[in-house]
Amino acid sequence: MSAESHPIPPTRFAAALKDLSIGSLHAKAAELRNNIQHLASSNQQLRDYLLEQDPSLPADADCVDAIHENEAVIKRMEERIGLLKTE
């Protein structure tokens, strides 16, 4: 078993939407938008933290990695919102 989890592919996500009611589709979209908002806020806090650091020192690699990871997750969530709209 892998120690790292992977998101389900967009095709499986879209297939799972077929059985959901319109209310459930709207609820899922709202949940994704809320998650995006929290990730965007987290990224802003991380960027602010990086800006406050001594510029003569290397950037905190963990913060930079977290920002990139959050951006990738946000992109996947936005794609899923698109799939929800299509459904």
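The side chains of Lys-18 and Glu-87 form a salt bridge, with N and O 3.2 Å apart. By salt bridge I mean a side-chain nitrogen of Lys or Arg within 4 Å of a carboxyl oxygen of Asp or Glu. This is a predicted model, in which local features need pLDDT of at least 70 and side-chain atom pairs count only at pLDDT 80 or more, while totals for chains, interfaces and linings use all residues. Residues are numbered from 1 along each chain as its sequence is written, and side-chain values use heavy atoms, leaving out hydrogens and water.

The Lys-18 and Glu-87 pair links distant parts of the chain, 69 residues apart. Lys-18 lies in the loop between helix 1 (10-17) and helix 2 (22-52), and Glu-87 in the segment after helix 3 (61-86). Helices here are DSSP runs of H or I, at least four residues, numbered from the N terminus. Lys-18 is exposed, at 57% relative accessibility, whereas Glu-87 is partly exposed, at 38%. Exposed means over 50% relative accessible area, buried under 20%, and partly exposed in between, using a 1.4 Å probe and protein chains only.

How many salt bridges does this rule give? The count is 3.

Let us turn to helix 2. Lys-28 and Glu-31 meet in a salt bridge at 3.4 Å, N to O. These two residues are 3 apart in helix 2, so about one helical turn separates them. Lys-28 is partly exposed at 27%, and Glu-31 is partly exposed at 40%.

Finally, Arg-47 pairs with Glu-71 in a salt bridge, their closest N and O atoms being 2.6 Å apart. This pair links helix 2, which holds Arg-47, to helix 3, which holds Glu-71, across 24 residues. Arg-47 is partly exposed at 32%, as is Glu-71 at 35%.
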